[in-house]
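Subject: Structure handover

Hello,

Here is the structure we discussed. My notes on what turned up in it follow below.

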Amino acid sequence: MTAQAFGDQYTKQKLDTVEKYLRPYASALKNQSFKLLYIDACAGSGSSIPKSATKAEEENARQDLLGGFAAPVFDADQILTGSAVRALGIEPPFYRYLFNDLKRSNVHALSDIVRADFSHLEDRIEITQLDANKMLLDVCSAYDWNKTRAVVFLDPFGLQINYETLLALGRTKAVDLWYLVPVFAMYRQVSGDGHINPDGGPRVDAALGTTAWRDVAVVEQHSNDLFDLPQLKTERAVDIAWFEKIAKERIGEAFGGRVLDETLRLGKDSIHYFSLMFAWANPSPKANELAKRLARAVLK
């Protein structure tokens with residue numbers, strides 16, 4: 001098994017949460033006539049090793065090499081099963097599994113796992129190597145959403161997901177979305193002295209679908225120097241929680257207001273890196289009730 005060095009223990013929390021949602025979701029809709037899709041646009045390799053474990057093993061390997069031993073072998077308990085593999089283990093199975101990752105090595109590793117462990121589902125599985133936005137926009141236009149329902153899991157490495165993609169998912173009126181929003185990555189694009197990163201700022205624009213955040217995130221302060229000459233200073237005026245609030249509002253706007261207020265905050269060393277958010281596109285009262293009930297249950 002080729003596992004990515006990725007994330008940390010909080011990675012397990014998000015994966016556990018989404019998996020807990022998928023089980024009752026698949027069960028609740030098993031007798032419906034809809035075709036159920038599981039869509040993982042940033043699926044990875046199928047497994048990962050927390051970076052903390054990687055560092056520890058690298059040190060062990062260094063010590064082993066000094067003693068003439070070979071390279072690191074990770075304990076099976078340290079390897080985290082990825083979202084795609086977890087979804088393949090859900091019963092009853094989905095009608096189709098649409099996996100995607102931009103890295104060729106991840107696509108190959110995940111394909112190997114499918115062939116080795118899930119050959120009975122192989123005809124239901126599609127694995128692509130595309131930009132996540134293109135993959136999702138293609139899917140949105142390819143299916144008849146009057147006859148299809150889907151759970152989409154978005155777990156990007158950074159600010160890759162464009163707001164136009166969220167709008168397209170919302171327009172299906174058939175998608176439940178779990179989105180790991182990189183709120184710290186948004187926050188860090190504004191320095192303490194109020195300068196917006198010229199490369200990262202446009203990525204925040206694209207992720208939120210607006211530049212209005214810039215007007216709030218930076219404030220100007222007028223003062224006079226020692227010679228009584230006017231000075232203009234800028235500074236950052238918002239925190240990570242503010243970006244979480246704005247991101248949730250924007251997701252809600254893309255999904256007709258149907259975004260759960262509760263989020264799962266994830267990070268380490270007291271830093272809030274990500275917020276796992278849930279939104280659902282189906283406006284029917286029955287779907288509303290089911291989506292909220294299931295999501296709240298797993299976010300407790």
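The model is predicted, so to speak of local features requires pLDDT of at least 70 and side-chain atom pairs count only at pLDDT 80 or more, while totals for chains, interfaces and linings use all residues. Residues are numbered from 1 along each chain as its sequence is written, and side-chain values use heavy atoms, with hydrogens and water left out.

Overall

The protein chain has eleven helices and twelve strands (DSSP runs numbered from the N terminus, with H or I of at least four residues for helices and E of at least two for strands). Of its 300 residues, 50% count as buried; buried is under 20% relative accessible area, exposed is over 50%, and partly exposed is in between, with a 1.4 Å probe and protein chains only. Among contacts between residues at least 6 apart in sequence, 75% join residues at least 24 apart, where contact means heavy atoms within 4.5 Å.

Cavities

A cavity is a set of points, on a 1 Å grid over the protein atoms alone, where a 1.4 Å probe fits but cannot get out; lining residues have an atom within 4 Å of a point. Grid points are joined across faces, edges and corners, and a volume is the space filled by probe spheres set on the points. By this rule there are two cavities of 30 Å³ or more.

The largest cavity holds about 50 Å³ of space. Its lining consists of Tyr163, Leu166, Tyr179, Val181, Met186, Ala207, Leu208, Ala247, Arg250 and Ile251. H6, S8, H8 and H10 each supply at least two of the lining residues, and the largest share, three residues, comes from H10. By class, that lining has nine nonpolar, no polar and one charged residues.

The second largest cavity holds about 40 Å³. Lys14, Leu15, Val18, Glu19, Leu22, Tyr38, Ser83, Arg86, Ala87 and Phe153 line it. Two or more of these residues come from each of H1 and helix H3 (83-88), and H1 gives the most, with five residues. The lining here has six nonpolar, one polar and three charged residues.

Cores and helix H6

A nonpolar core is a set of buried Ala, Val, Leu, Ile, Met, Phe, Trp, Tyr and Cys residues joined through side-chain atoms within 4.5 Å. The largest has 50 residues, and those with the most contacts inside it are Ile39, Leu154, Leu166, Met186, Phe243 and Ile251. H10 gives the most to this core, with seven residues. Apart from it lies another core, of 41 residues, among them Ala84, Leu88, Phe274 and Ala291.

Isoleucine 251 also lines the largest cavity. Leaving aside its neighbours within four places in sequence, isoleucine 251 is in contact with Tyr163, Leu166, Tyr179, Val181, Val259, Met277 and Ala279.

In helix H6 (residues 163-171), the buried residues are Tyr163, Thr165, Leu166, Ala168, Leu169 and Gly170. Their cover includes helix H5 (132-142), strand S7 (148-154), strand S8 (175-181), helix H8 (200-208) and helix H10 (240-254).

Backbone and loops

Lysine 173 follows H6 and is found in the loop between H6 and S8. Its phi is near 55°, a positive value in a residue other than glycine. At 45% relative accessibility, lysine 173 counts as partly exposed.

Aspartate 228 has a positive phi too, near 65°, and sits in the loop between strand S9 (218-224) and strand S10 (230-236). With 54% relative accessibility, aspartate 228 counts as exposed.

S11 (residues 264-268) and S12 (residues 271-280) run antiparallel and are joined by five bridges; strands pair if DSSP finds at least two bridges between them. Glycine 267 has histidine 272 in S12 as its bridge partner.

A cis peptide bond joins glutamate 91 and proline 92, with omega about -5°. Proline 92 lies in the loop between H3 and strand S5 (96-100).

Regards

Terms used:
1 Å grid on protein atoms, 1.4 Å probe; cavity = no way out; pocket = protein on both sides within 12 Å on 5 of 7 lines; lining within 4 Å. Nonpolar A, V, L, I, M, F, W, Y, C, P; charged D, E, K, R; others polar.
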